[in-house]
Amino acid sequence: MNVYDSQILAGLLQNAGYEQIHDPNLADLVLCNTCAIRHKAQEKAYSFLGRFAGTRIKGKRPLTVMAGCVAQKEKEKAFVRLPHLDLVLGTQAFGRFAAHLNALISGETRIVDTEPSENIFEGFSKDALPGKVQISRFVTIMQGCENFCTYCVVPYVRGKERSRDPFAIVEEIEGLAASGVREITLLGQNVNSYAGNNGQVSFADLLHLVSKVDGIERIRFATSHPKDLSNDLIQALKDIDKVCNHLHLPVQSGSNDILKRMNRKYDRDTYFKRISALRQACPDIALSTDLIVGFPGETVSDFQQTMDLLEAVEFDAVFAFSYSARSFTPAAKFSNQLDEQTKKERLNALLDFQEKITEKKNKSFVGKKVTVLVEGDSPKTRDGFVKKNKNTRQMFGRNDANKIVHFASDRAAIGDLVTLEIINAYPHSLWGEVCESD
Ligand code: 5AD
Ligand code: SF4
């Protein structure tokens, strides 16, 4: 979502006459779009913006802007550590960014805007950020969250759930398709709660609408909350060819006691049942998840239950995080916080364990055929690369399950869908050979 938001902010700056440069030390304006999900992300934002306090170009320092979730969370407090900061632009203030820029140029300083907005700002920019893939783009469909998981700062910084107008979403995707985009990822803190057009368009309905856009070959989405994973959505995953056979379904913990104290509103058994329903409808579906390790009061047995869950489900990919206490959240005040060392040890044990599962899953692809959307040239040469003629390049793409597959070709172009036979599996990627018919 921050990539998408940064694109909007970059577009607004472009409209105001700015252009992007590669050396921030030479910039007239430095904007940092921030993430508050964990303490580390917030610290990175502070230290990045802190670098520009003393920078001087022709006797003046650049205008500095803190945008996004840390801005929303910190408000005036941001000036304590960053006295030179010019603008604190909250998550719902993008529509007023241009006006604030004008005010800064007229000499105003230390502007804070963390006011709410009723609607999500419609300021889509067609240009991808430098370094981001052009053929695969994110599209925000809803923002905010009202689930209030006890560890999570999102409801406090992204506000109430708001859904974008379905027609605005489709129009945006049509524009992206016309500019060559082939894959889109629909984004929201909880896409299953999407309720467009005053509640008349559900998320499953939206998937059907988006799948009709010519030129878009693949649709992905994130994130789904297990408690809201409807049968309608499972049916849509099964029925709509363009929707990738992949679901990201954050479980957070395998222990019922922890899930309860996280306020996740489902238990381990319900999660298993949802996975079974998914696998029954879509047998080869790829699954990924998020996990938090070291939640306050997590015992050795709670942690073991998370490891058991990993073994039982065999996810294709796992994003695991060490618990980080966040302001405003109830869990930050729970008395039984774990020490950093224990959290770190458990996180490493979990990641090692999952790596073996991922490797096993990757090996199970060997001999199978997969279709990838070609994203570009591989940054480094892998085993198996043979330069058959002067046009042979090593390229990479992603399959439905979002796995990176490298291959050699003298014909493939970015944006092509290419069928490959998997020859070799590595811990983090696969190697394939182009099937003759392609
Ligand atoms: N500490 C650690 N991880 C967190 N997440 C959310 N809040 C926290 C926190 N306080 C993780 C969750 C979520 C992902 C986006 O970030 O796993 O799904
Ligand atoms: Fe945070 Fe997701 Fe829970 Fe909402 S559902 S509070 S975004 S973890």
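Strand 1 (residues 29-34) is mostly covered, with five of its six residues buried; buried means under 20% relative accessible area, exposed over 50% and partly exposed in between, with a 1.4 Å probe and protein chains only. Strands, here and below, are DSSP runs of E with at least two residues, numbered from the N terminus. The model is predicted, so that local features need pLDDT of at least 70 and side-chain atom pairs count only at pLDDT 80 or more, while totals for chains, interfaces and linings use all residues. Residues are numbered from 1 along each chain as its sequence is written, ligands are numbered from 1 in the order in which they are written, and side-chain values use heavy atoms, leaving out hydrogens and water.

Strand 1 runs parallel to strand 2 (residues 63-68), and six bridges join them; two strands pair if DSSP finds at least two bridges between them. Thr34 has Gly68 as its bridge partner in strand 2.

## The surroundings of ligand 1

Ligand 1 is surrounded by Ile37, Arg38, Tyr151, Gln252, Asp290, Ile292, Phe321, Ser322, Tyr323, Ser324 and Arg326, where a residue is near if one of its heavy atoms lies within 4 Å. By class, this shell holds five nonpolar, three polar and three charged residues. Nonpolar residues are Ala, Val, Leu, Ile, Met, Phe, Trp, Tyr, Cys and Pro, charged ones are Asp, Glu, Lys and Arg, and the others, Gly among them, count as polar. Strand 12 (286-293) and strand 13 (317-322) each supply at least two residues of the shell.

Polar contacts to a ligand are pairs of N or O atoms within 3.5 Å. A polar side-chain atom of Gln252 lies 2.7 Å from an oxygen atom of ligand 1, and a side-chain N or O atom of Asp290 is 2.7 Å from an oxygen atom of this ligand. Ser324 takes part through its backbone, with an N or O atom 2.7 Å from a nitrogen atom of ligand 1. The protein covers 87% of the 410 Å² of accessible area that ligand 1 has on its own, by the Shrake-Rupley method with a 1.4 Å probe.

Around ligand 2 stand Cys145, Asn147, Phe148, Cys149, Tyr151, Cys152, Val154, Pro155, Gln189, His225 and Arg264. This shell has seven nonpolar, three polar and one charged residues.

## Cysteines

The whole structure contains zero disulfides, a disulfide being a pair of cysteine sulfur atoms within 2.5 Å. For Cys69, the nearest cysteine sulfur is that of Cys35, 6.4 Å away; Cys69 counts as buried at 9% relative accessibility. For Cys435, the nearest is that of Cys244, 18 Å away, and Cys435 counts as buried at 10%.

Technical notes:
A polar contact is a pair of N or O atoms within 3.5 Å; within protein, one must be able to donate a hydrogen and the other to accept it, and residues adjacent in sequence count only if both atoms are side-chain atoms. Helices (H or I, at least four residues) and strands (E, at least two) are DSSP runs, numbered from the N terminus.
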